[in-house]
Amino acid sequence: VTRFARRFPRLYIRLFKGRGFWHNRIYLRYYQFDERPGGGGVVHYRQKSLPVRSLDTLEVGGTAANVLLSGPSIREIEDPALLCNRFLVAVNGSHELFGDGARDIDAYVVCDTDFVKRRFATFKQGVQKSKRAILDHHIIHAALQRDRQIFDNIQLYLATDLIRPYMKHKNFELTMPDNGVIERYGVRFSKKYSTGFYSNSSVAIAVIQMLYWLKFEQIYLFGMDLTPDGRFYEESQPEQTTLSDDYHKAIEPSFRLISEVIVDEKFSVINCSSRSRLPHEIIPKCDANSCLRENPPVAGRHQAAAPA
């Protein structure tokens, strides 16, 4: 990046890059990523150097994963420790179901930069409770702005959010041969880690793509209510939501695409929220507690202690 670009990032983009590059303006001064051959690399932020790993190097045990979302229905889970019997992904503030104790959360995922800015303490707790975090550059940048040591004790894995690809124009992936992108109903799904993911207004959709890349075969979604009842955790100032519009424009079409194109005899998605707005005909539903009781722990995994 030239000295002019670092000193005048907005002007540089307007003059030389155009609107499709605008999301990269935050990187030009203090943030740089040096990619390494074979994947991964090093993030440099001011005087901080941070190693990041390629998600396709992550080895996981078992073929099933639990995804803990933030819908109010997760309050009805009788024994949250059972969630840890499978590879467990927590998103945003859903880790608060476990209180303040250390938990066996395998991966923490956040796609919303505004969540990091508004609820940084909650984000930081999610990082501290997890073995690893799977984030894109925008989230890493927002976190490092607030605490340069936040990722010092966690494995950090990189995934590209195709809404804001690092130092690339939006929709760059559509020019790539064999990009693994499927488009239907006005939304997209990426089957390849090397391409990146589409969140389509829901972190659940992003996580499904990540778990698909990692070759999981059964995905169980907890707390995917998609209702206007808010989140299960308390909010002093409830976050504004565009769920009503997002559901019809992006979320329901995305799950319909997943149901029709991605789900097959080797890959399934189960909605463990009986109150979910998403119809059973698109993603089949299962009672959360029945699902947890009927699924024994994967060999070699230890069950976490019950929440205090």
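Helices here are DSSP runs of H or I with at least four residues, strands are runs of E with at least two, and both are numbered from the N terminus. The patch consists of F4, F8, L11, L15 and F16, which together have about 500 Å² of accessible area. Patches are built from residues with over 30% relative accessible area and no salt bridge, with like charges joined within 9 Å and nonpolar side chains (Val, Leu, Ile, Met, Phe, Trp, Tyr) within 5 Å. Areas come from the Shrake-Rupley method with a 1.4 Å probe, and for residues only the protein chains shown count as cover.

The model is predicted: local features need pLDDT of at least 70 and side-chain atom pairs pLDDT 80 or more, while totals for chains, interfaces and linings use all residues. Residues are numbered from 1 along each chain as its sequence is written, and side-chain values use heavy atoms, without hydrogens and water.

L11, a residue of helix 2, is partly exposed because its relative accessibility is 40%. The cut-offs are under 20% relative accessible area for buried, over 50% for exposed, and partly exposed in between (1.4 Å probe, protein chains only). F4, F8, Y12 and F16 also form one aromatic cluster.

**Nonpolar cores**

A nonpolar core is a set of buried Ala, Val, Leu, Ile, Met, Phe, Trp, Tyr and Cys residues joined through side-chain atoms within 4.5 Å. The largest core has 48 residues, and the members that touch the most others are L83, F123, L135, I140, F151 and F222. Helix 5 (residues 137-146) supplies the largest share of this core, five residues. Leaving aside residues up to four places away in sequence, F123 touches Y108, V110, F115, V116, L135, I139, A143, I150 and F151; contact means heavy atoms within 4.5 Å. Another core, of 46 residues, lies apart from the largest one and includes A65, V89, C111 and L221.

The whole structure holds 13 aromatic pairs. Rings of Phe, Tyr and Trp (its six-membered ring) pair if their centres lie within 6.5 Å; planes under 30 degrees apart are stacked, over 60 edge-to-face, and the rest tilted. Y27 and Y31 make a tilted pair, 5.0 Å centre to centre with 40° between the planes. Y27 is buried at 1% relative accessibility, and Y31 is buried at 2%. The pair of Y193 and W213 is edge-to-face, because the ring centres are 5.6 Å apart and the planes stand at 70°. Y193 sits in the loop between strand 10 (187-190) and helix 6 (203-213) and W213 in helix 6, so this pair ties together parts 20 residues apart in sequence.

W213 is buried, with a relative accessible area of 11%. Helix 6 is largely enclosed by the rest of the structure, because 10 of its 11 residues are buried. Among the buried residues are V203, I205, Q209 and M210. After helix 6 comes K215, with a positive phi near 70°.

**Other positive phi values**

Most residues other than glycine have a negative phi, and most peptide bonds are trans. N92 has a positive phi near 45° and lies in the loop between strand 5 (87-91) and strand 6 (107-109). N92 is buried, at 18% relative accessibility. Y185 has a positive phi near 60° and lies in the loop between strand 9 (181-184) and strand 10. Y185 is partly exposed, with a relative accessible area of 41%.

**Salt bridges**

A salt bridge requires a side-chain nitrogen of Lys or Arg within 4 Å of a carboxyl oxygen of Asp or Glu. The count is 13. Three of them are listed below.

| Salt bridge | N to O distance |
|---|---|
| R164 and D161 | 3.6 Å |
| E183 and R188 | 3.4 Å |
| R256 and E252 | 2.4 Å |

R164 is buried at 12% relative accessibility, and D161 is buried at 2% relative accessible area. R188 is buried as well, at 18%. R256 and E252 both belong to helix 7 (residues 243-262), where they are four residues apart, about one turn of the helix. R256 is partly exposed, with a relative accessible area of 30%, whereas E252 is buried at 16%. D104, D106 and K131 are linked in a network of salt bridges.
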